[in-house]
Every structure is written in structure tokens, then in C-alpha cells.
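Let's take a walk through this structure, stopping at a few spots along the way. Have the viewer open and follow along.

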Amino acid sequence: MACALLLLSLWALTGTVSPQAPGAHEWSRSKQRNNHCDGVCGITTGLCPDRLLGEESRRTCPRPCKADGDCGNKRQCLCDGQCGLSCVAPGRICPWPLPPSENSEARLLSPTHSFSALLEVRCKPGFTLPNGLDATIRRCQGDRQWSGDEPICTESQSPEEPAAAQTCPLPEDIVNTFSIQGDATAGTSIRYTCFSGADIVGSSENFCQDNQTWQYPHPICKKVYCQPPREVEQGYVVAVQKTEYEVGFDIHYLCKKNFLLDGPQKVTCLSNGSWSASPPYCRARCLIPAERSRVVIGGVKRWSFDVTDAMVPHGENVTFYCRHPRKQCSFTATQTCFDGKLQPPACYLEPTWLQFKLFPHRLVSEIEACEPNDVE
Ligand SMILES: *[C@@H]1O[C@H](CO)[C@@H](O)[C@H](O)[C@H]1NC(C)=O
Ligand SMILES: *[C@@H]1O[C@H](CO)[C@@H](O)[C@H](O)[C@H]1NC(C)=O
């Protein structure tokens, strides 16, 4: 009995003409009343819904029924989709092939196009149904129509496509002049910073409008100059003298003969309008203030008249010999030449011309050095 029902329900779905098999009407009744199927037939047949007309514009359903006996002898009580159990002539067919559609393609999912046959309507790529899906299934109804409304596929909207190109133009010279924060997309702002570090003339912020134009003109970077650095006495500037210098400009310095460069040999105009360093000084040599005794210069003990011009360069240390106030011994004191000034230490006493000529061996630089503990 269960197998006969299964067979019958398959006939019903595919719309094949039902044979005069006993129990065909009993199937309908049994589906309605007592669920004595063992599960297998339940899955295959499903339950026929009560007549329920939804949104679809199908107006007419065949006569409702509960059993074949409710219908004439050419019709059977079959499940007709949303019409529920209806008196249907099982051999009825639905239109096939369908007239070609521009945006969709129809394909039969069943071997025939008769009652209960299924049909798939699939939209062509780029098109969708009003519900957003791209395919729907239609069923051949007892009224010889495919179920549901005529599917209409419309061109689907791609939301990303228009946004991609919506940017405002940034000319090359602007990109080369400024560091720009932001991506110049329509509806957003960007900020400019001068690469040179210079001040901005104009608005440092701009807005890319929806029509892909900028709200304001692009700003400009104020050109930066360095003012001429201070003059260096006794020195030369190795550069063309200007009233202002561009960023990156180098000035080299030289000192006149016998002057020593104290400071940088070169200064550069920085992007903030300052020089990289203060200009140097040219420092003068010092005359050695000891003519009649020896001094130590650069670790060598020598007479000043043996030194070129009797002068030491700026920054040089000169060690003098002083006489012990009570003993016949000498100790040393060092002074440094600073820009032409070199004072002998207070303890140093220049020997007289007579002492120098008559007693050269008793000169302060020539006598014995004091013991360390002789010097307080
Ligand atoms: C210019 O920049 C240098 C180095 O970055 C800095 O040492 C100097 O103070 C700046 N000068 C001014 C006026 O901002
Ligand atoms: C001179 O002496 C000072 C202090 O001892 C030292 O720092 C400096 O390097 C010396 N200068 C020379 C030219 O030797």
C-alpha cells in the first residue's frame, strides 16, 4: 500500500496521467486525515497546502476537492500548488517553449512541460530579479499557466563602481611641492605641508567636492631665504655676496694669512631660513712674551727667536719657567694664546739683557727644576 502511494504521488508531481489505479483518491484523503505513511512517502510527496492565494496575480484556481469523486470523470483531485487540492485534468500542459526574453533564460527541470513540471528562469549575468536573486522556479499549474508572476530581470546596480573614480585632480607640481595628507576622494579633505618646511600661503586644507573640483585654489609655499651672515673679521667669504641666499646655499670661509679659523669652514642655508651654524672667527697669533728664556711649545723647549715670527697660533699653549722664590730651582706655568693675547704668568720674570748675555746658564729656563714638594 505504501509503495503504491509513493508511485502515485510521483505521477502526481510529474503530471503523468494517473491510471485507474484503486486508491488514488484514498491517497488524497489519507494525506489529509491520517498520516499513516512510514516517513519515506512523506518526504517524497510533501503535504499539499490548503488553498492559499498569495501575492501572485493568479486569479483562477480549478475547483477545490478532497477526493477524485469530487471531480468529473476526466479530472482528478490533485495538488495544484497554492491552489491546494484541485480538480485537474492531469494531461494538461503549460506553454513551452516560452517566447525568448532579452534578460533571462528559461529551462525545463522536468522531462515534460505538463502539469507539475518545473521550470527555472535565470537572469543573464548583470541582471537580477526584483527580490535580488538571479533565478526562480516556476511550476506548471492546473490552469495551464506557469506559477508566479512573469519574472522580470533588471540590470543590477554595482555600488562600488561609481565611487572608484571620484577623486579631485592633483597636478604634478602640487604633488612635488607639498606632502599631502588625504587621498583626494570626493567628499573628503586633504592637508598640505610644504616639503621645504616653508610657510604656506593660502589655505593649508582643501575639500574635494562631489563634482571632482577643489573648493579652494591650491596654496603656495613661501620661498625661504637666509639673510647674509655676519661678517668675519680677518676672513674671506668664498661666495658671491648676495642680499639673500636660497635654501641649500653654502658659504665657505677662509682666514687671512696668520689667522686661524675658529668655527665651521662652511655654513649652509637651512629650509627654515637659518644658517646651519654661526660664522667662524679668524683668530690672531700671539707674540711669545718671553725673549730671554726658553719656553715649551708643543712639547719642545725652545727660544722664541727660533720660532717663526716669535709667534704661536691661536689656542697654542706656552709653558713658561718661573724661579722659586727661595730656592735655586724652577717650576712651570702654562698660558694659552687666545686671539692675539698671551699674557706671561704672574710668576714669570723676564731676565735682563745682562743676565741673558753674561750668565746664560743661570737663566730661569736653564736651571734645575724644583722637586715636586718644593712647590707649594
Ligand atoms: C632651523 O632648523 C635648525 C635645524 O633643524 C634648528 O637648529 C634651528 O633652531 C631652526 N631655526 C629656527 C629659527 O627655527
Ligand atoms: C692647551 O691646554 C689645554 C688644557 O690643558 C688643552 O685642553 C688644549 O688641548 C691645549 N692646546 C694645545 C694646542 O695643545
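This is a predicted model: local features need pLDDT of at least 70, side-chain atom pairs count only at pLDDT 80 or more; totals for chains, interfaces and linings use all residues.

Residues are numbered from 1 along each chain as its sequence is written, chains are lettered from A and ligands numbered from 1 in the order in which they are written, and side-chain values use heavy atoms, with hydrogens and water left out.

Let's start with ligand 1. The residues around ligand 1 (those with a heavy atom within 4 Å of it) are Leu-270, Asn-272 and Ser-274. Asn-272 brings a polar side-chain atom to 2.3 Å from a ligand 1 oxygen, and an N or O atom in the Ser-274 side chain sits 3.1 Å from a nitrogen of ligand 1. On its own, ligand 1 exposes 360 Å², and the protein buries 27% of that; accessible areas here come from the Shrake-Rupley method with a 1.4 Å probe, and for residues only the protein chains shown count as cover.

Ligand 2 has Gly-315, Glu-316 and Asn-317 around it. A polar atom in the side chain of Asn-317 lies 2.3 Å from an oxygen of ligand 2. Taken alone, ligand 2 exposes 360 Å², of which the protein buries 26%.

Now for the loops. Arg-92 sits between strand S2 (85–88) and strand S3 (104–108); strands are DSSP E runs of at least two residues, helices H or I runs of at least four, numbered from the N terminus. Arg-92 is buried yet has no salt bridge, and the nearest side chain of opposite charge, Asp-143, is 7.6 Å away. Buried means under 20% relative accessible area, exposed over 50% and partly exposed in between (1.4 Å probe, protein chains only). A salt bridge needs a Lys or Arg side-chain nitrogen within 4 Å of an Asp or Glu carboxyl oxygen, and for charge, Lys and Arg count as positive, Asp and Glu as negative, with His and the chain ends not counted. The Arg-92 side chain does reach the backbone oxygen of Gly-142, at 3.4 Å.

Asn-131 is in the loop between strand S5 (127–128) and strand S6 (135–139). Asn-131 counts as exposed, at 55% relative accessibility. A polar atom of its side chain lies 3.0 Å from the backbone nitrogen of Leu-133.

Last stop: Leu-358 in helix H6 (residues 353–358), exposed at 54% relative accessible area.

Methods:
A polar contact is a pair of N or O atoms within 3.5 Å; within protein, one must be able to donate a hydrogen and the other to accept it, and residues adjacent in sequence count only if both atoms are side-chain atoms.
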